[in-house]
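Please keep the sequence and the model in view while reading.

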Amino acid sequence: MKLRRLFVVALLGVTLSSCGLTVNQAVPYDIRPGSIQPIPSLQGLKVTVGSKDFTENIILAYMAEMGLTAAGADVVDLSDIKGSNSSRQALLSGQTDVTWEYTGTGWINYQGNELPVPGGEKAQYEATAKADEEKFGVTWLNYSPLNDQYAFAVTEAYGAQNNLKTTSDLAAFIKQKPDQAVFCLETEFTSRQDGFPAAVKAYGFQKPTVKNFGIGTIYSAVASGTCPVGEVFTTDGRISGLNLRVLEDDKKAFPQYNAVATLRTEWLKQHPEVRGPLEKISAAIDNEQMVQLCKQVDVDGQDAGKVAHDWMVKKGFVQ
């Protein structure tokens, strides 16, 4: 059985006027079922998959599209939406049916809480999912181990030289060597309560020097020695590509940002079978794998669609 696959490479120029969103063009990936098998109730069902505008989220959208196509759905790609709020509004308004969201973003940005839920990843997931369904009618599918958190990173050489493995190690080190308390940070991270202020409170950094950079340049700034320490996202491919060492947030200063497929609850009640393909994917992806997938795109220059397709085939989900 040969299934049609809708997938991004170029723009069709078909714009959804209310949000300024653009439907994307298909490329010739012929998706055949693997362990994700056709589901009769999904045959021909139109499902629109959205994503935010960064590599990891786009890869996740492509995986979802392939899995749903293998299950028989007629998938429309609406990935690469600019900004979290626009992506969220597209889901709430019904312009997209599926989008991967992050537990910390849901809890703090959408639900208006200032501080993360104590107790770790699953506690944050459960609180976010419960509140989002009650307040906004959005269902979060099963918990996923993929957790794209804030963290601090140093070069591998610097970390090895100074025996730095955790952020507590870093705090103890710069207490002895205050001149090394130089942090490359994104401007927003410097001031938001779940960002650098949370780390200062948890780890007791004394009079740190902050240099503000765009998030994309922090990685190279740390790699080049401009700053000993930088803010990173834990699944960013440049961590591997630039040989950086991520320091464990051992005091859990930062929120958890597990990536989970989200859908409008009423729509999901009408089409509950979409759970199966999406939850198979979310259970199979973790941080270590995503770092390598993002590296293939952001460092090695591969197409995100091909990277997602290769992973889906390797996992046996599709052929």
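How far apart do the end C-alpha atoms of residues 46-312 lie? In this predicted model, they lie 21 Å apart, and the span is 48% helix and 18% strand. UniProt, in an unreviewed entry, lists residues 46-312 as "domain: ABC-type glycine betaine transport system substrate-binding".

The covalent link comes next. The structure holds one disulfide, which joins Cys184 to Cys227 with an S to S distance of 2.0 Å. Cys184 belongs to strand S8 (residues 182-185), while Cys227 sits in the loop between helix H9 (215-224) and strand S10 (229-233), so the bond ties together parts that are 43 residues apart in sequence. Because the torsion about the S-S bond of Cys184 and Cys227 is about 85°, the disulfide is right-handed. Cys184 counts as buried at 0% relative accessibility, and Cys227 counts as buried at 1%.

In one of them, Lys52 meets Glu101 at 2.6 Å, N to O. This pair links distant parts of the chain: Lys52 is in the loop between strand S3 (46-50) and helix H1 (55-70), and Glu101 is in strand S5 (residues 98-102), 49 residues apart. Lys52 is buried at 2% relative accessibility, and Glu101 is buried with a relative accessible area of 2%.

Another salt bridge pairs Arg88 with Asp132, their closest N and O atoms being 2.7 Å apart. Arg88 lies in helix H2 (residues 84-92) and Asp132 in helix H4 (residues 121-136), so parts 44 residues apart in sequence are tied together. Both Arg88 and Asp132 are buried.

Technical notes. Residues are numbered from 1 along each chain as its sequence is written. This is a predicted model: local features need pLDDT of at least 70, side-chain atom pairs count only at pLDDT 80 or more; totals for chains, interfaces and linings use all residues. Side-chain values use heavy atoms; hydrogens and water are left out. A disulfide is a pair of cysteine sulfur atoms within 2.5 Å. Helices (H or I, at least four residues) and strands (E, at least two) are DSSP runs, numbered from the N terminus. Buried means under 20% relative accessible area, exposed over 50%, partly exposed in between (1.4 Å probe, protein chains only). UniProt positions are given in the numbering used here, feature names are shortened, and annotations may be inferred rather than shown by experiment. A salt bridge is a side-chain nitrogen of Lys or Arg within 4 Å of a carboxyl oxygen of Asp or Glu.
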